[in-house]
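The sequence and coordinates come first.

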Amino acid sequence: MTQEQNSENSYILEGLLQEYHSIWLVDKNDLTFTLYRAGETTGAKKAFEIAFKLKTYDKILEAYVQNVVAERDRERVRKDADVKNILKQIKKKGIFTINYLRFNNEGKEVYQQMAFADSKTDKFIIAFKDINESLKNDIEGIAKEERLRQYQSDEETLELIHESLGSALWEIEFDEHCKISKVRWSNPFRKMLGFENEIDFPNIFESTTDLIYGESHDKFLSAFWDSVNDFSGKTIFDENFQLYTKNIGLKWFRGAGRISRRSDGSPKRFVGLFIDIQEEVENSLKIENQLKIVNALCRGYLNVFKINPKERSATIIKLDGYVTPGLHKDSTEKYPYDAFVRKYIRERVLPEDQDMMLHAMDLKVVQEKLNLDSEYDSSYRVKIDDEIHFYQFKYIRLESDDNSEIIAGFKNIDALVIAAKEKEELIALAETDLMTKLYNKVSGERKTIQALNEKKNGLFCIMDVDHFKFYNDAYGHSIGDKVIREVARSISDCFRGEDIKFRLGGDEFSIFAFEITDKTLAETILQRFFDRIDRIIIPELVENCISISLGASIITENSSRDFETIYKQTDECVYLSKKFQGNKMTFVDELLNNQNAKENNFYR
């Protein structure tokens, strides 16, 4: 080390000694930890014992964090005080500090600061000091003027510390009659609530208490005054509550503090912290909801799995029913979801239901369904010893950081057949959309595909209700449900019993009307349906009339029998119809003619 480096090193150390009670040196190469100087301190004795016993920085840091640092700050200190981060920060800044809560020799939580500095040698410096003295001095009754002088230069720094911790100071002074004489809300607290300054958030008690929501209001006041009026000082104020913020609605906070008292025990000054615990509460609620979901499924379903769509994997939660070959009841390993589903369907599901189930349990379909609703379920059939049994699957999305994990349950629902007396009633229930009494999407599409494969001809239609989202948003879902039921009733009135009439989902419907192969006849039937729609009266909609956008395809002997092609072309016609106000039908031949005309114009 050069003389210049040695001088600079001594300057740094002496400068730190003026503020910090303990200074250690850490070798950058082997991370050995040696004491440079230890002054008088109320610091934790355990910290010194750890350092002398473990010798190296990484081991000492972990033991120090686990045994000395308060639990709420442990992860942050581990991350910030990691040696790679420290070397990076001191290279960039020269001196780097970390503020945190620790336990002192008496086991009480106090604020402490670690400071790291580059010694310009093969060692770096770590120093410790208590920063809790200002609060302690308040509680012990140092006069206001002295406190203000002490805080004046460090106030901005203290505010930044609290902002980084998601906390804010508040102070209340009392007169000799135990009445509030002065209140001070810190600027970080104002900012946490969305306020700018003392003008829009005055230093009066009601500025905060008037914003406390619901039952939290009375609980907050009761706990606060119980603490103030207990002259023994044994009642501690520590309360969670919800508060109206200026710009982002309700948020959860924790309020806690201590009271300095006069010789007779009467309150003199309250010094406390507000802590933003919104994320903590939300995470707690997410975990609680997840447990409720899992517990509910485990009570009602024999087999329950957790699915990770990103990994396309499934983990067993409960396996008290049928065990698919390759699964192990007590296993915690991850299974490939797609292979598990194919094997389950091949081994378990009735052959005529297998294609439907492969589609229904495809992860892409499951996620699409869960994007529309919080749950996705369906029924299917299995054959056991020449008897048909009915089963149900249910998928539920778990709330998580990336909102991705899914819980799936499987159970036997033969009990529903017994309750309904006959299995035919359960078949109808499985095929029926409960709101409209039409076929549901799965059964309607299956029956349509079957009719196409059997070479049956007819009129295939897809339709949806114009402005349906507006009805739901403006009038509520109950009125939206009325619209859906009335449209379904109109479909039932205007088409024959043998026609396939089904709800695709939401406000979308589909029809396959047998033997309607003449376009003029089809237009007449659809116009009659539009006239029936025009006669729908829902008093709550006032002057908003219901209208339908409809696509139609006539299936003849020469038509394609591929359902996906027919569906896609007919669905495109729905979007063409939506370009017009009121009831509108568009046929696939019009769509194809329009596309051909565009192609001819392009090559001309």
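## Charges over rings

Lys411 is placed over the face of Tyr301, 4.5 Å from the ring centre. A second case is Lys456, which lies over the face of Phe514 at 5.5 Å from the ring centre. These and the other values below are computed from a predicted model.

## Aromatic pairs

A pair of aromatic rings is described by the distance of the centres and the angle of the planes. The count of aromatic pairs in this model comes to 50. One of them joins Phe220 and Phe241: the ring centres are 4.9 Å apart and the planes stand at 75°, so the pair is edge-to-face. Phe220 belongs to helix 11 (residues 215–229) and Phe241 to strand 8 (residues 237–244), so the pair ties together parts that are 21 residues apart in sequence. Phe220 counts as buried because its relative accessibility is 1%, and Phe241, with a relative accessible area of 0%, is buried too.

Phe460 and Phe563 form another pair, with centres 6.0 Å apart and planes at 75°, so this pair is also edge-to-face. Since Phe460 lies in strand 17 and Phe563 in helix 22, the pair ties together parts that are 103 residues apart in sequence. Both Phe460 and Phe563 are buried.

## Packing of helix 18 and helix 22

Helix 18 (residues 441–453) and helix 22 (residues 563–577) have axes that come within 10 Å and cross at roughly 115°. On the side of helix 18 the contact is made by Glu445, Thr448, Ile449 and Leu452, and on the side of helix 22 by Phe563, Ile566 and Tyr567. Sorted by class, the contact of helix 18 with helix 22 holds five nonpolar residues, one polar and one charged.

## Nonpolar cores

The largest nonpolar core has 34 residues, of which Phe529, Ile546 and Leu550 touch the most other members. Elements that give two or more residues to this core are strand 17 (458–465), helix 19 (468–475), helix 20 (477–494), strand 19 (508–514), helix 21 (519–534), strand 20 (548–555) and strand 21 (584–587). The most comes from helix 20, which gives seven residues.

Not counting residues up to four places away in sequence, Phe529 touches Met463, Val487, Ser490, Ile491, Cys494, Phe495, Ile548 and Leu550. There is also a second, separate core of 30 residues, which includes Ile316, Phe340, Val341 and Tyr344.

## Surroundings of Phe124

Phe124 is part of strand 5 (residues 123–130). With a relative accessible area of 0%, Phe124 is buried. Its C-alpha atom is separated by 6.7 Å from that of Asp27, although Phe124 and Asp27 are 97 residues apart along the chain.

Leaving aside neighbours within four places in sequence, Phe124 is in contact with Trp24, Leu25, Val26, Lys28, Tyr57, Val83, Ile86, Leu87, Ile90, Phe116, Ala117 and Ser119.

## Positive phi in loops

Arg312 has a phi near 55°, a positive value in a residue other than glycine. The residue sits in the loop between strand 11 (303–308) and strand 12 (313–319). Arg312 counts as partly exposed because its relative accessibility is 36%, a value between the limits of 20% and 50%.

His467, not a glycine either, has a positive phi of about 60°. The place of His467 is the loop between strand 17 and helix 19.

Technical notes
Residues numbered from 1 in each chain as written. Predicted model: local features only at pLDDT ≥ 70, side-chain atom pairs only at ≥ 80, totals over all residues. Heavy atoms only, no water. Axes fitted to C-alpha atoms, helices over the stretch in contact; angles between N-to-C directions. Helix = DSSP H or I, 4+ residues; strand = E, 2+ residues; numbered from the N terminus. Contact = heavy atoms within 4.5 Å. Nonpolar A, V, L, I, M, F, W, Y, C, P; charged D, E, K, R; others polar. Core = buried A, V, L, I, M, F, W, Y, C linked by side-chain atoms within 4.5 Å. Buried < 20%, exposed > 50% of the residue type's maximum accessible area, 1.4 Å probe, protein only. Phe/Tyr/Trp six-rings, centres within 6.5 Å; stacked < 30°, edge-to-face > 60°. Lys NZ or Arg CZ within 6 Å of the ring centre and 35° of its normal.
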